[in-house]
Amino acid sequence: MSHSNATPQDESVQLVSRGEFMRSLGMSSAALMAFYCLGTLSSCSKGDDPAPVVTPPVTGGNSGLTGNSIVSSGAIDFTMDLTNSTYSGLKTAGNFVSVGDVIVFNAGGTYRALGRICTHQGGSLSFRSGSNDLVCSLHQATYTTDGSPKSQPVGGGTITAVKSYNATLTGDKLQVKG
């Protein structure tokens with residue numbers, strides 16, 4: 001995430017899988033396997049590899065996103081066009097995207113939206129369809145699909161609930177508001 005003075009509208013949206021991101025860092029296949037399986041054992045579990053992540057958001061034009069998805073810019077209120085290729089994957093149960101400060105996911109056909117940052121130490125949350133929960137990238141704390149704590153961080157510490165937002169589907173438009 002950029003820490004410049006640029007607004008979200010100034011930055012581009014890029015769809016990247018975890019493997020593509022690691023390869024973009026120049027990691028070999030062997031290093032990728034070591035990272036996946038030795039560094040984060042939970043990443044090797046079946047069916048839990050997250051869908052591509054979209055962040056930061058671009059609004060207007062052909063982006064498929066309009067409104068505000070950044071908490072520091074005011075109330076969360078944005079609409080995603082699910083016919084846009086950037087967000088069309090959300091139509092499939094189990095997929096998720098991170099948009100600004102929000103993670104939006106399809107939990108078995110029900111759209112949900114939560115704050116995307118773990119309350120323990122600020123790790124990013126990913127949706128795991130296999131266990132129908134969200135997991136933190138840093139210490140594997142988990143949250144239920146309504147944002148309530150499910151399990152505490154590995155190694156100690158505590159988490160509190162993450163903010164839940166209303167996600168309403170009208171036709172092919174998904175509005176997230178909170």
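In which sense do strand 5 and strand 6 pair, and over how many bridges? They pair in the antiparallel sense, over four bridges. Strands here are DSSP runs (E, at least two residues), numbered from the N terminus, and two strands count as paired if DSSP finds at least two bridges between them. Before we walk on, please note that this is a predicted model, where local features need pLDDT of at least 70, side-chain atom pairs count only at pLDDT 80 or more, and totals for chains, interfaces and linings use all residues. Residues are numbered from 1 along each chain as its sequence is written, and side-chain values use heavy atoms, leaving out hydrogens and water.

Let us stay with this pair of strands. Phenylalanine 96 has phenylalanine 105, in strand 6, as its bridge partner. The hairpin has two residues between the strands, and glycine 100 takes a positive phi near 60° there. In a regular strand the side chains alternate between the two faces of the sheet. You can follow this in strand 5: Phe96 and Ser98 point one way, Val97 and Val99 the other way, and all are buried, that is, under 20% relative accessible area with a 1.4 Å probe, protein chains only.

Seven strands form an open sheet in the order 3-4-13-12-7-6-5, with antiparallel pairing. Its edge strands, strand 3 (65–68) and strand 5, each pair on one side only. Within this sheet, strand 12 (residues 164–170) and strand 13 pair over five bridges, and threonine 170 has lysine 173 of strand 13 as its bridge partner.

Next, look at the nonpolar cores, which are sets of buried Ala, Val, Leu, Ile, Met, Phe, Trp, Tyr and Cys residues joined through side-chain atoms within 4.5 Å. The largest has 16 residues, and Phe78, Met80, Leu90, Val102, Val104 and Val176 have the most contacts inside it. Among the elements that give two or more residues to this core are strand 4 (77–81), strand 6 (102–107) and strand 13 (173–177). Another core, of 14 residues, lies apart from it and includes Phe96, Phe105, Leu114 and Tyr143.

Four strands form it in the order 8-9-10-11, and the pairing is antiparallel. Strand 8 (125–128) and strand 11 (149–151) are its edge strands. Between them, strand 9 (residues 133–136) and strand 10 (residues 142–143) pair over two bridges, with threonine 142 in strand 10 as the bridge partner of valine 135.

Note on methods. Buried < 20%, exposed > 50% of the residue type's maximum accessible area, 1.4 Å probe, protein only.
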